[in-house]
Amino acid sequence: SLADNPVTKDSPLDRLSLCLAACVLMMSSAAQAAKLRVGYPTAAPVAPIFIAQEKGYYAAEGLDVELVPFDAAGPIPVAITSGSVDIALAGSTASFFSLASQGAVKIIAGAVHEVPGFHAEAIVATNKGYAAGVTSLKDLGGHSLATTTIGSSLYYALGLVAEKYKIDMKSLRIVQTQVNANTVSAVAGDQVDFAVGTFTGFTPLIHEGKAKLLAYVGDEVPWQIAYLLTSAKIADTQPEMVEHWLTAYRHAAKDYHDAFTNAAGAREDQPTAPAILAIMEKYLKQSAARLDANIGYVDPDGRLDVPDVHHQAAWFAAQGLVKGTPDTDKIIAARYIRPWTGVHGTGSSR
């Protein structure tokens, strides 16, 4: 009987029982984890999305996350509306404001900011364009350019630059490439005079002498380039899950921020930078050295520049890209928002 053969804590049977119990607990935890599909465009400043995965921050919040990369920001709000992804990091676009004004998509936090000294978006000249006189931003008028789509976040950045340098947008011949990879190909093939895109994509061309950097957007026109989005349904009915996801994201955003930003808020590699760059290298398929040259600013708390969101909505409406002027107070899910006050209190992006 069992009484005649007591099981000690060191017996094989006892160890087997403990293993079985541990497996049951692990299976139970996995079954309870909320499953999420999270979308993101392939650019360096989105790194907190996959840093959270690599460091186990999602799992620590009880989330089972599948990452879904996109090669342009435009399709992401549509993917949220269709349910293809649940949460995403995406740039400001006319399509976002159109869907959000219909009550389909909500902003739950800020993500990437264009600020001086950080390199998220860039304007580059092709070799053909440079030879034709496109050697600075004031030379852009009357020339051809490549960017993903009219109405994209890159198009908005171009609009801000055009406003600053008094360039008539109607004088520009725009080639819509649909995705960032095609913009890079258009630059490499001298198909246009200049281009607006993610600096991550342009970096190899610049190093290979196939493009010339004209400016980083953040140095010229600071703004709230990207948000964290979810569907209105999820924002309204699953607040605990959203808060858990934001907790994981903010933990990763702080890791990213602290790796590349000094105590004064300026761009400077810190001791943790190599480890973060190694994660970025894995997901973005570029060398750590090249990625280190195009670090965009990510707020560690995911704060949102609310006044700039209002400006973006009004600008897209003025361009005729959004019907009416979107009610941004309804687009922003206020319960989740931490307001942006600038890098170390420097104020709004604009």
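V221 counts as buried, because its relative accessibility is 9% and the cut-off for buried is under 20% relative accessible area, with exposed over 50% and partly exposed in between (1.4 Å probe, protein chains only). The residue sits in the loop between α10 (217-220) and β11 (223-224). Helices (H or I, at least four residues) and strands (E, at least two) are DSSP runs, numbered from the N terminus. What does V221 touch, not counting residues up to four places away in sequence? The list is E114, A157, L160, V161 and K164, where contact means heavy atoms within 4.5 Å. V161 is 60 residues from V221 in sequence, and the two C-alpha atoms are 6.6 Å apart.

This is a predicted model: local features need pLDDT of at least 70, side-chain atom pairs count only at pLDDT 80 or more, and totals for chains, interfaces and linings use all residues. Residues are numbered from 1 along each chain as its sequence is written, and side-chain values use heavy atoms, with hydrogens and water left out.

Now the whole chain. The protein has 16 helices and 13 strands. Of its 350 residues, 53% count as buried. Take the contacts between residues at least 6 apart in sequence: 78% of them join residues at least 24 apart.

Next, the cores. In soluble globular proteins, nonpolar side chains tend to be buried together. A nonpolar core here is a set of buried Ala, Val, Leu, Ile, Met, Phe, Trp, Tyr and Cys residues joined through side-chain atoms within 4.5 Å. The largest one has 104 residues, and I107, W245 and M280 have the most contacts inside it. Helix α12 (residues 239-260) gives the largest share of this core, 11 residues. M280 touches A44, A47, F50, Y256, F260, K285, L291 and I295, leaving aside residues up to four places away in sequence. A second, separate core has 13 residues, among them A186, V187, F202 and A211.

After α9 comes G209, with a positive phi near 80°. Helix α5 (residues 94-101) buries A94, F96, F97, L99 and A100. The cover of these residues includes α4 (75-82), β4 (105-110), β12 (226-231), α15 (306-318) and α16 (328-331). Just after α5, G103 takes a positive phi of about 85°.

Then the aromatic rings. A search of the whole structure finds 16 aromatic pairs. Rings of Phe, Tyr and Trp (its six-membered ring) pair if their centres lie within 6.5 Å; planes under 30 degrees apart count as stacked, over 60 as edge-to-face and the rest as tilted. Why is the pair of F50 and Y283 stacked? The ring centres are 4.5 Å apart and the planes lie at 5°, so the pair counts as stacked. F50 lies in helix α2 (residues 48-54) and Y283 in helix α13, so the pair ties together parts that are 233 residues apart in sequence. F50 is buried, with a relative accessible area of 0%. W315 and F316 form an edge-to-face pair, 5.3 Å centre to centre with 80° between the planes. Both W315 and F316 are buried.

Last, the open space. A pocket is an open set of points on a 1 Å grid over the protein atoms alone, where a 1.4 Å probe fits, with protein on both sides within 12 Å along at least five of seven lines; lining residues have an atom within 4 Å of a point. Grid points are joined across faces, edges and corners, and a volume is the space filled by probe spheres set on the points. The largest pocket holds about 340 Å³ of space. Of the 26 residues lining it, P41, A73, S153, N180 and T198 are the closest to its centre. β3 (87-91) and α7 (153-164) each supply at least two residues of this lining. β3 gives the largest share, three residues.

The second largest pocket holds about 210 Å³. Its lining includes T42, D71, N180, T198 and Y283. The elements that give two or more residues are α8 (180-188), α9 (199-207) and α13 (273-284). α8 gives the largest share, three residues.
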